[in-house]
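Me: I would like to go through this structure by question and answer. Please begin with the charged pairs and then move to the ligand.

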Amino acid sequence: MESFYIVGRNQLNGSVKIDSAKNALLPILAACILINGEVYLKDVPKYNDVVAMTKILTHLGAKISWNDDNLIVNCACLDACDVPDELARVVRSSIFTLGPITARLKKAKVAYPGGCDIGLRPIDIHLAGLRQLGIKVIDKNGYIYTDGEKISSNDVMLSFPSVGATENIMMLAVFAKGQTRIFNPAREPEIVDLQNFLNKCGAKISGAGGNVISVEGVNDLHGCEYKAISDRIEAGTFLIAGAMCGGEIELDGAVSNHNQALLTKLEKTTCKIKCYNDKIILKSIRRPKSFLEVETAVYPGFPTDLQAPMMALACVSDGYSMICENLFEARFKHVGELLKMGGDIRCKNGICIICGKKKIYGADVESTDLRGGASLVLAGLVAEGYTTVKNIEFIDRGYFHLEDKLSSLGASIKRIKSEERLDNYN
Ligand code: UD1
């Protein structure tokens, strides 16, 4: 068990490189199951969730190897069609394997997914989509069993634009003869990236990012070399950190178009933001003003994954802010920890009102999920005194060497064994 030990109140200055997106890599790794050949994925950070997905692929029979930061996946020979509970419970995205295993091997047995505890996270939309493509689905004893012998293309209407369900159905439809159309799909940039990856492997998919996705069935897919898009949530986390800590930071590789909802909010806080082709520069010279309100929504609305980091910003902004979480009902677990640091937050029915304070104070706090953990790190960076953030394995799910990147910008943050004595660093 490791923790972050943070001494607060340093400005952030300098430049960091934004990594490839976790939420793009996870479906791309699942899509490798469809591919009869070698896929060379460039610049892949060893996020805990990515490593967990490679273990699932290995269990299925894939050959996995690393060449520095590049990940090579070969699913030419698959000899299992199941994802057991002990592998599925580690990562929510294990459910992404259901579509591709069924498409490639015509049957699958996948355990219910685990992942961060941020709410109920049902999979009914995934299963309804599978059934609309002629898949027989049995949901029994914590496992989903599929029979894909009678797979056929069809029009699929999603009852909600779920990211994972859209990706699962896109992957399932790749080998279904004829045209499948997915109506009301999620429109996140990671969906477009999955389309681009699959098309590079020989698929015929169009419309991702829009209102209808069309998949023309093909007979097989071949390997390719690919680099996933940059991580808009990592970029967003650094932008929020910059707004809170003051200074001037440059995010190399960040795509401003993918973060419009956040940038609009940050502009209200008196930060100066400049967007270029593949970088964003943020300058913050005084205490940020309140961004007033944020309501999470599907893309291109405000991302739920940046709700917790925005809460940390609200805690130190000048004025009141309101945050409304519309996607995950249990995604406020960071609130109790921010209260320990002197945050003034009241929550009811999925809405929090935050009264920004001039100062918050360091404390021993615990992350209970990935983005909630990140919000505690941000709070620690501006808090007076020192903060220990425990259970950082949650943070490692979706940030790679976060402490090194923040240190390179001037933050005082170290990774310590949880049992280590803190006064070693005092
Ligand atoms: C993905 C992202 C996650 C992000 C989320 C919302 C990845 C790996 N993860 O998660 O970081 O927070 O999108 O942007 O890409 N729902 C159902 N039934 C279903 C599926 C979803 O009711 O079958 C509901 C969920 O409970 C939630 C909403 O739909 O309220 C959105 O979930 P979804 O878009 O599916 O999120 P994920 O794909 O799990």
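Me: Is glutamate 403 buried or exposed, and at what relative accessible area?
Reply: This is a predicted model, and the cut-off for a buried residue in it is under 20% relative accessible area. Glutamate 403 falls below that cut-off and counts as buried because its relative accessible area is 8%.

Me: Where does the salt bridge partner of glutamate 190 lie?
Reply: Glutamate 190 pairs with arginine 232, with 2.8 Å between the closest N and O atoms. Both residues are buried. Glutamate 190 is in helix α7 (residues 189–200), and its partner, 42 residues away, is in helix α8 (residues 232–245).

Me: How many salt bridges are there?
Reply: Side chains of opposite charge can pair when their charged atoms come close. The cut-off applied here is 4 Å between a side-chain nitrogen of Lys or Arg and a carboxyl oxygen of Asp or Glu. By this rule the count is 21.

Me: How much of the ligand does the protein bury?
Reply: Among the 19 residues around the ligand, those that come nearest are Asp124, Ile125, Ser162, Asp305 and Leu327. Oxygen atoms of the ligand lie 3.3 Å from a polar side-chain atom of arginine 121, 3.2 Å from a backbone N or O atom of proline 122 and 2.8 Å from a backbone N or O atom of glycine 164. Taken alone, the ligand exposes 730 Å², of which the protein buries 87%.

Me: Which elements cover the buried residues of α5?
Reply: Helix α5 spans residues 124–132, and its buried residues are Ile125, His126, Leu127, Gly129 and Leu130. Just after α5, glycine 134 has a positive phi of about 85°. The cover includes α4 (98–105), β8 (136–140), β9 (143–147), β10 (155–157) and α6 (163–173).

Me: Is lysine 265 buried or exposed?
Reply: Lysine 265 is in helix α9 (residues 260–267). Beyond its neighbours within four places in sequence, it contacts Phe291, Glu293, Val294, Phe302 and Met310. Its C-alpha lies 5.6 Å from that of phenylalanine 291, which is 26 residues away in sequence. With 15% relative accessibility, lysine 265 counts as buried.

Me: Which residues make the nonpolar surface patch of about 280 Å²?
Reply: One member is isoleucine 353, in strand β21 (residues 351–355). Patch members need over 30% relative accessible area, and isoleucine 353 counts as partly exposed at 37%. The patch is made by Tyr320, Ile351 and Ile353.

Key:
Residues are numbered from 1 along each chain as its sequence is written. This is a predicted model: local features need pLDDT of at least 70, side-chain atom pairs count only at pLDDT 80 or more; totals for chains, interfaces and linings use all residues. Side-chain values use heavy atoms; hydrogens and water are left out. Patches are made of residues with over 30% relative accessible area and no salt bridge: like charges are joined within 9 Å, nonpolar side chains (Val, Leu, Ile, Met, Phe, Trp, Tyr) within 5 Å. Accessible areas come from the Shrake-Rupley method with a 1.4 Å probe; for residues, only the protein chains shown count as cover. Helices (H or I, at least four residues) and strands (E, at least two) are DSSP runs, numbered from the N terminus. Buried means under 20% relative accessible area, exposed over 50%, partly exposed in between (1.4 Å probe, protein chains only). A residue is near a molecule or strand if one of its heavy atoms lies within 4 Å of it. A polar contact is a pair of N or O atoms within 3.5 Å; within protein, one must be able to donate a hydrogen and the other to accept it, and residues adjacent in sequence count only if both atoms are side-chain atoms. Contact means heavy atoms within 4.5 Å.
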